[in-house]
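Please look at the structure first.

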Amino acid sequence: MIHKAGTLLSAMLLSATVSASAWSYEALWSTTGENEEIVAVDCRDCEEELGIIIACKGSGKPAEVTVNAAASQTGEDGAEAPFTIVIDGDSFTRNARTVEYGMIGFTPEFSMARDDPIVEALQAGQKRAMVEFNGQVSDINLKGAREALDSFKTNCGWTQTGVSQEQQ
């Protein structure tokens with residue numbers, strides 16, 4: 001749980017690195033950290049409004065995905081429930097763990113391998129993805145997802161280049 005809190009804190013710090021004024025809010029994917037510490041998020045400079053956090057867990061290993069945008073105010077910490085993401089008409093359902101994050105609520109988390117079709121769909125998506133969990137439906141911005149996830153894949157060791165760099 002400490003590592004999960006650290007990942008969430010890293011993502012929140014990323015969003016707070018630039019002025020918090022309304023003028024600096026930018027719904028654009030970005031990354032922070034490098035190598036096995038890289039984290040990709042769907043929003044730059046948006047403080048607690050992060051919709052999705054993708055955290056590297058090691059070279060070639062599945063990433064940990066936390067979807068704050070799909071958090072609900074009801075649920076059970078540790079329970080498993082279906083999580084669905086719809087990107088440009090393609091629907092992907094995963095079994096997610098429910099994690100309670102205080103004021104955010106009961107949030108879905110799941111592991112995502114480098115070859116999971118969700119990765120390619122996020123990168124190819126046009127504008128928004130719809131997410132659903134525990135009856136909560138919301139959207140995630142996809143602007144900049146291609147570039148941020150390319151950086152994530154390389155740094156996390158999800159590409160041949162990233163794997164080669166890790167082995168050197």
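Strand S4 (residues 63–66) is covered on both faces: Ala63 and Val65 on one side, and Glu64 and Thr66 on the other, are all buried. Buried means under 20% relative accessible area, exposed over 50% and partly exposed in between, with a 1.4 Å probe and protein chains only. Strands (E, at least two residues) and helices (H or I, at least four) are DSSP runs numbered from the N terminus.

This is a predicted model, in which local features need pLDDT of at least 70 and side-chain atom pairs count only at pLDDT 80 or more, while totals for chains, interfaces and linings use all residues. Residues are numbered from 1 along each chain as its sequence is written, and side-chain values use heavy atoms, with hydrogens and water left out.

**Strand pairing**
- Two strands pair if DSSP finds at least two bridges between them.
- S4 pairs with strand S3 (residues 53–55) in the antiparallel sense, over 3 bridges.
- Within this pairing, Thr66 of S4 stands opposite Ile53.
- S4 also pairs with strand S7 (residues 105–112), in the antiparallel sense and over 4 bridges.
- Glu109 is the bridge partner of Thr66 in S7.

**Disulfide**
- A disulfide is a pair of cysteine sulfur atoms within 2.5 Å, and the count by this rule is 1.
- The sulfur atoms of Cys56 and Cys156 are 2.0 Å apart and form a disulfide.
- This link of Cys56 and Cys156 is right-handed, with 85° about the S-S bond.
- Cys56 lies in the loop between S3 and S4, and Cys156 in the loop between helix H3 (145–155) and helix H4 (160–167), so the pair ties together parts that are 100 residues apart in sequence.
- Cys56 counts as buried at 5% relative accessibility, and Cys156 is buried with a relative accessible area of 0%.
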